[in-house]
Amino acid sequence: MCSDSGVTELRTSETKLEFPYTRTVGPIVGAFLTGLRDGKLLGTRNRDGRVLFPAVEYDPETGEALTETVEVGPEGTVDGWTWVAHPTPKHPLDRPFAFALIRPDGADTAMVHAVDAGDEATMSTGMRVAPRFRQEAKGIVTDLEAWEPVR
Amino acid sequence: MERCAVVGIGQTHFKKTRDDVTIAGLIREAVDRALEDAECTIADIDAVVIGKAPDAFEGIIQPELFLADALGAAGKPLLRVHTAGSVGGSTFVVGAHHIITGIHERVLAVAWEKQSEGNAQWGLAGGRSGGIGAGGAFAPWMRAYIHQSGAPEYIGWQVAVKDRLNAVKNPYAHLKIADITIEKVKESPMLWDPIRFLESCPSSDGACAVVLTNEAGGRRAPRPPAWVEALSVRSELAQFPGRNPVKPQAGVDCAHDLYRQAGITDPRSQIDVAELYVPFSWYEPMWLEGHDIAGPGEGWKMVDSGETEITGSFPVNPSGGVLSTNAIGASGMVRFAEAALQVRGQAGEHQVDGARTALAQAYGGAAQYFALGILRAEPT
């Protein structure tokens, strides 16, 4: 039975369930992540001479094991983009930005990443961008913070 | 219906932690060895079937999607199988069905687990704390078996010694304890009564792959194939009134269906070697009875008389079995792969002399999912 005598607020007890996993990154993805820590962008070259970026262990089309890493960029070209006018807390930047397909120089494929362009009018397909790395790089994928227009 | 032949077999060396490779790299080690054995390339594969135990074990949901590149599966049918611990066996069966139905000519079936990336006991508990693990779940049924059969306590120790000595002869096995003795097993810590530490399986990283093909493919294979004679899968609920978890009906039905297909009326004399899923020592006599190889209360006597030794009349787990190697998702397929190696005469130091007919068995969940197969040296 409930009564209103003296109870003025709901009482809750929070519990947090966590379980950490350990991901082995191997020689290729590991090299890519180490590269980010050192401010380098690494791709992998396949048998046809195409450079896939970011570096992948296996060719997505043929299943071929890829072993040759290639440094690409650092600058790249925007192959396509969409403007995020109202970022949510889960977005990579806390101000309006573009999600873009970015193809670093020397690479034959593009990756999706954020362009910190400030204003939608700055964005255009074919524009040139450069990576911005975090100050305290840790060898994880978020070491690559965003891309910026090259002026 | 097409005949199905196993023409390529590949395993990784199983270890506690393979921190030198990604999940994809681990799987490709097994796949590349199977392709090499079959003398074909990944481009020659028509369809891929992949199995593993719960996604919670590594924390990757639907890992078959990100593994498509490493499996060379672009533009090909890629099917995931999941039947808990029996999944490696079920994956083999599903792969073989792709051939038997005539849909595909060459199928890659692969099963894996990288247990070092997570914690299987936590995964089995569905994220709840205080999980009892597989050993805790199976212990009461093992106790019930001992009670019902009157088996002496040392039977479990004997199975542990046998499988660990067999593992020493298997280059791919994880745990190799060459100086194992009954005394050492007996004195090892009790984990879940009646199961002691040395009567339990390890946690392993590893993968196993097979290349399956049809009769024409089998006949032109570079090495002798293993012919798939019969396959069966059965399952039942984990709990229901009147369930016998010591000898689940699904396991009995699965075995009888298998024997009927293979024309086996006396499995004990007509099967030359068996690879049974025995993660805890007592499951050897339990499955000998659970699949009607031995009569009620007779399974432990086969162990006691040495019949299940590699040199005995009914060798069980010459590879060292799950007791020595348990990358959970892979373990069922390893049973089928090892059975195939035996009838191909390619099991090396753990080869059973004259093995022509082999039984492969995997079970999973609360002893509720079963996958069984008969492999032969010659097609019948």
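Trainee: In which sense do strand β8 and strand β11 of chain B pair, and over how many bridges?

Mentor: The model is predicted, and local features need pLDDT of at least 70, side-chain atom pairs count only at pLDDT 80 or more, and totals for chains, interfaces and linings use all residues. Residues are numbered from 1 along each chain as its sequence is written, chains are lettered from A and ligands numbered from 1 in the order in which they are written, and side-chain values use heavy atoms, with hydrogens and water left out.

Strand β8 (residues 226-235) and strand β11 (residues 369-376) of chain B pair in the antiparallel sense, over eight bridges. Strands here are DSSP runs (E, at least two residues), as helices are (H or I, at least four), numbered from the N terminus; two strands pair if DSSP finds at least two bridges between them. Within this pair, Arg234(B) has Phe370(B) of β11(B) as its bridge partner.

Both strands belong to an open sheet of nine strands in chain B, with mixed pairing and the order β3-β2-β4-β7-β1-β8-β11-β10-β9. At its edges are β3 (78-81) and β9 (273-275) of chain B, each of which pairs on one side only. Neighbouring strands of this sheet are turned by 25 degrees against each other on average, direction ignored.

How values were computed: Axes fitted to C-alpha atoms, helices over the stretch in contact; angles between N-to-C directions.
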